[in-house]
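Have a look at the model below.

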Amino acid sequence: MASLTAVATLLEKGRSAHLGQVRRQGQGRRVGQQTLVFHNRPRIAAAAAVAGPKEAEGPLGAYWDRTYPDRLLGQRSWERAERRMSLDAAVLALEKAGLEPADIDLHLAGDLMNQLTCASFTAAELDIPYLGLFAACATWAAALGLGALLTDAGYAARVLCTTSSHHDTAERQYRFPTELGNQRPATAQWTATGAAAAVLVGEARPLPEGWTGGQNPPEARGTSRPDAGPATGGTGDPAPRHRGGAGSQEDRPAGGAAARAAGEDRPGGGLPVVITHATFGRVIDMGLTDPFDMGSAMAPAAADTIRQHLQDTGRRPGDYDLIVTGDLARYGHRLLVELLREQGYDAEGVLADCGLMLYDASQGVYAGGSGTACSGMVSAGYLLRRMEQGDLGRILLVCTGCLHSTTTYKQGDSLPTVAHAVALEVDRVQPGSSTPQDGTRGGTGGGTGGGRDGR
């Protein structure tokens, strides 16, 4: 790979004329170059995550809604097993939201299989108008961002987002049959076996005054820093381990009073989490060709999207309790820290990675987790619950994807990558009000640096 300085220079290419500017377009629905603002605060009404056996034994095992004892789930193929997980996650999310498939206006879904077969078979079972998405492992953020866009604009009242991946289906398609037992380098990652789903609803309640890009009142920030594990992104042990019963309610700590109160005041309750911004990334291709080191290939895309989001919104890394990438894993995460630092952002105190949170080092997953389900499971199963409990107030979820195919990399082509980001916040605005409630405030989660424009 080129030097970090050369990477940073490439990321800056063609952007210098816009640095320091926070442009607003379309009555403030778009700020800067790439960031959308959702004034009607689309809410995540419910979310669910299901997990395979290895993921059930990991640090987040207590947070899954359902786990499976083996990777076949009683099906005759791994591909059918992934379809079963995808459907289970969708049904669980709908049940939590108190909705039927007929109540949903649009189903946004994607996976890693050729022609999105898993998502499409799941959509056939649900019988909801369906739009398949492919952004590789960035699909989850792409679906959440597009779902928020549609509900915010009033084109849909309720949107279902789903994603899934399976270790064995991905290995068979992208690399080698698992039966061969090929050796893997230390930079390789383990594709997560699981699925995630979320139901987004539009409530047409405007953002409070001053919540547009570059004008973020401190009351909107989180209430506390996350646990040491995910904040550093290096330990992969963000919560006490609960190996005994995945998803058991008694293992979960009590939620934050303020966050629960906000949810209880809504018709039907639901998660008190809204999507306020989406930053869709551009494709970054640094010329890397090793499919066993996708973390390093995707790190520049993550750095580019995070940097652009911060510039567009006028925010700093410390304005977030957590900036969490999808699946950079150990080597990509280290590279991202350095790339952001070269851009003038010290985000190490708030930066984490789902691929490092999903497993611990003893599980033999090489550099860490990956797959479309990786960020979906961690956010739907763990991060949203931490927000519901009041432990996290505002996070930036940055899902990363490697957009190559088996054909292109076998022909020697490079690995194009992308990263999409969505900003999630605990909603402290009561229905009918435009003022944030109580202002329960704490640390801003660390992280310094305002970028080259000094913000």
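How many bridges join strand β6 to β8, and do they run parallel or antiparallel? Five bridges join them, and the two strands run parallel. This is a predicted model. Within this pairing, L108 has C161 of β8 as its bridge partner.

On β8 there is also a pairing with strand β10, in the antiparallel sense, over eight bridges. Here T162 has A197 of β10 as its bridge partner. The table sets out the two pairings.

| Pairing | Residues of the partner strand | Sense | Bridges |
|---|---|---|---|
| β6 with β8 | 106-110 | parallel | five |
| β8 with β10 | 194-201 | antiparallel | eight |

Strand β8 covers residues 158-165 and includes T162. Seven of its eight residues are buried, so β8 is largely enclosed by the rest of the structure. T162 is buried, at a relative accessible area of 2%. Beyond its neighbours within four places in sequence, T162 contacts S86, A90, H107, L108, A109, G110, W140, A196 and A197.

One of these contacts, W140, is a buried residue of helix α5. The helix spans residues 139-153 and has 15 residues. From first C-alpha to last, α5 reaches 21 Å, close to the 21 Å expected. Eleven of the 15 residues are buried, so α5 is largely enclosed by the rest of the structure. Among the buried ones are T139, A141, L144, G147, T151 and D152. After α5 comes G154, with a positive phi near 90 degrees.

Definitions and conventions: Residues are numbered from 1 along each chain as its sequence is written. This is a predicted model: local features need pLDDT of at least 70, side-chain atom pairs count only at pLDDT 80 or more; totals for chains, interfaces and linings use all residues. Side-chain values use heavy atoms; hydrogens and water are left out. Helices (H or I, at least four residues) and strands (E, at least two) are DSSP runs, numbered from the N terminus. The expected span of a helix is 1.5 Å times one less than its number of residues. Buried means under 20% relative accessible area, exposed over 50%, partly exposed in between (1.4 Å probe, protein chains only). Contact means heavy atoms within 4.5 Å. Two strands pair if DSSP finds at least two bridges between them.
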